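Please have the sequence and the coordinates open while reading.

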Amino acid sequence: MISLTGLATIVIAFVVTVAGLFYGSQISSSASAAGGGLQNNSDARALFTKHCAICHDSVGRAKTSKGRRTHTRNLTAPEWQDSVSDERIFNSINNGRGSNMPGFNKKLSDTQIDALVSYARQFKR
């Protein structure tokens, strides 16, 4: 007999799996939608400058006064870059992180957030 905890674990695993499949197809289709893509890296840089640099600074090190005050993530940290998935970065940008980082799901499209994920990966040292 399966315990309530075991059943909950199975249900959560199922939901996460289905959500991951759906999420992956959404990213692929949004990135390949006609006219929905960003033209080049300078478009991603412009998005980063407009929405992210106030905390993460222009080179991702979070050395701004607001970045220091809010303990903003240093995007150049190799241990963070090596341990975080693109999906987690996407979700952080989309939904926000705690009370210090707002979600951008109402301001940016999935394609734009994908571009920011790729741009953030360029900060790896």
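## Cysteines

The closest cysteine sulfur to that of Cys55 is in Cys52, 8.9 Å away, which is too far for a bond, a disulfide being a pair of cysteine sulfur atoms within 2.5 Å. By this rule the count is 0 disulfides. Cys55 is buried, at 13% relative accessibility, and Cys52 is buried too, with a relative accessible area of 11% (buried means under 20% relative accessible area, with a 1.4 Å probe and protein chains only).

## Basis of the values

The model is predicted, so local features need pLDDT of at least 70 and side-chain atom pairs pLDDT 80 or more, while totals for chains, interfaces and linings use all residues. Residues are numbered from 1 along each chain as its sequence is written, and side-chain values use heavy atoms, without hydrogens and water.

## The largest pocket

The largest pocket holds about 540 Å³ of space and is lined by 25 residues, with His56, Thr72, Arg73, Arg97 and Met101 nearest its centre. Two or more lining residues come from each of α2 (41-51), α3 (53-56), α6 (86-95) and α7 (110-121). A pocket here is an open set of points on a 1 Å grid over the protein atoms alone, where a 1.4 Å probe fits, with protein on both sides within 12 Å along at least five of seven lines, and lining residues have an atom within 4 Å of a point; the volume is the space filled by probe spheres set on the points.

## Helix α6

The largest share of this lining, 4 residues, comes from α6, a DSSP run of H or I with at least four residues. The buried residues of α6 are Ile89, Phe90, Ser92, Ile93 and Asn94, and just after α6 Gly96 takes a positive phi of about 90 degrees.

Note on methods:
Buried < 20%, exposed > 50% of the residue type's maximum accessible area, 1.4 Å probe, protein only.
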